[in-house]
Amino acid sequence: MIDLRSDTVTRPTAAMREAMARAEVGDDVFGDDPTVNALQEEIARITGKEAALYVPSGTMGNQIAIATQTRPGDDVVVGVGAHPAFFEAGAGAALSGVQFSVVGEGGLYTVEQMEAALHPRVYWAPRSALVAVENTHNRAGGRVWPQAQAKAVADRARALGLATHLDGARIWNASIATGVDVATLAAPFDTISVCFSKGLGAPVGSAFCGPKKLVEDARRFRKRWGGAMRQAGILAAAALHALAHHRTRLAEDHANARLFAEKMARAPGASINLAGVETNLVNIDVEPPADAVSRAAKEMGLLINPTSAKRLRAVTHLDVSRAQIEQAAEILTAALAKAAH
């Protein structure tokens with residue numbers, strides 16, 4: 001079975017499993033796990049932030065960013081389809097009592113669009129407190145934020161007294177696609193969350209990075225929300241291995257996504273915005289119902305998820321080879337034909 005549902009479906013490589021088996025561990029709740037501590041130091045260095053905290057998921061990383069930089073009743077500005085507003089089970093409202101102002105199109109927004117969403121500073125209006133950017137943007141098909149635009153938004157937000165957060169779950173892909181290092185991409189923002197279990201292929205974990213004071217606040221939220229782990233060094237070792245060995249190879253995933261998109265763009269019943277295929281995600285608009293196409297593809301050996309009534313999303317990753325991508329395009333073309341009849 002070829003699995004293009006997500007880059008979260010990867011399994012640890014043999015070398016990663018060996019690193020996990022050899023990991024030195026301690027009790028991370030006491031701060032005694034040396035491998036977790038090494039990971040936190042390394043990811044703080046890579047992102048250019050003062051400190052970092054290892055957390056179980058990207059959702060927790062984003063929600064910690066919200067909790068540490070807002071108060072209940074505040075408003076958070078995000079792009080259309082942003083992960084914290086779309087994929088996190090209403091956690092912003094449930095955990096931090098915030099609401100979202102959704103702006104822009106295709107995952108991006110301008111300074112002017114951000115400013116238009118801000119509430120007046122009067123007692124009867126929600127307090128605009130945080131501006132968040134998602135890079136790369138999941139719902140927009142792995143779209144990369146132009147760095148000049150991201151910096152302009154963050155700089156203006158800071159000038160207006162707002163906090164800024166970068167949802168960098170796939171910042172590794174943005175870095176490879178642009179040739180800009182992660183620290184530079186993260187520099188305009190107060191905080192950043194990064195994920196190890198997507199393109200990098202680790203089995204578990206993300207990190208919240210930012211000023212030391214916010215990271216200490218984050219530790220309290222991680223404990224409160226049940227995310228404090230004990231001998232987590234076994235998992236942190238996988239993330240350290242991924243950072244050292246799986247970042248540059250993301251270029252292969254991008255090339256495979258481009259190949260898949262070009263093949264599917266010629267398939268009857270499918271249409272793709274090839275200019276929008278920038279990293280490892282491909283949005284495929286289909287004429288038959290997307291769920292019917294997905295079911296037909298599964299019967300033929302391809303797992304691919306619908307993201308709306310007429311759209312499928314394919315995600316390339318380290319467990320899918322170039323040959324499998326070519327085979328996947330053939331299967332999906334056949335599934336489109338089957339679903340159309």
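Guide: A helix is a DSSP run of H or I with at least four residues, and a strand a run of E with at least two, both numbered from the N terminus; the expected span of a helix is 1.5 Å times one less than its number of residues. The model is predicted: local features need pLDDT of at least 70 and side-chain atom pairs 80 or more, while totals for chains, interfaces and linings use all residues. Residues are numbered from 1 along each chain as its sequence is written, and side-chain values use heavy atoms, without hydrogens and water.

Visitor: How do you know what span is expected of H7?

Guide: Helix H7 (residues 147-159) has 13 residues, and its 18 Å from first C-alpha to last is close to the 18 Å expected at 1.5 Å a residue.

Visitor: Which residues of H7 are called buried, and what puts them on one side?

Guide: Ala150, Val153, Ala154 and Ala157 are buried, that is, under 20% relative accessible area, where exposed means over 50% (1.4 Å probe, protein chains only). They lie on the same side of H7 because they cover an arc of only 90 degrees around the axis, taken from the directions from the helix axis to the C-beta atoms. The face of H7 turned away from this buried side carries the exposed Ala148 and Ala159.

Visitor: What covers the buried residues of H7?

Guide: Their cover includes helix H6 (111-117), strand S5 (128-134) and strand S6 (163-168), where contact means heavy atoms within 4.5 Å.

Visitor: What follows H7?

Guide: Gly161 follows H7, and its phi is positive, near 85 degrees.
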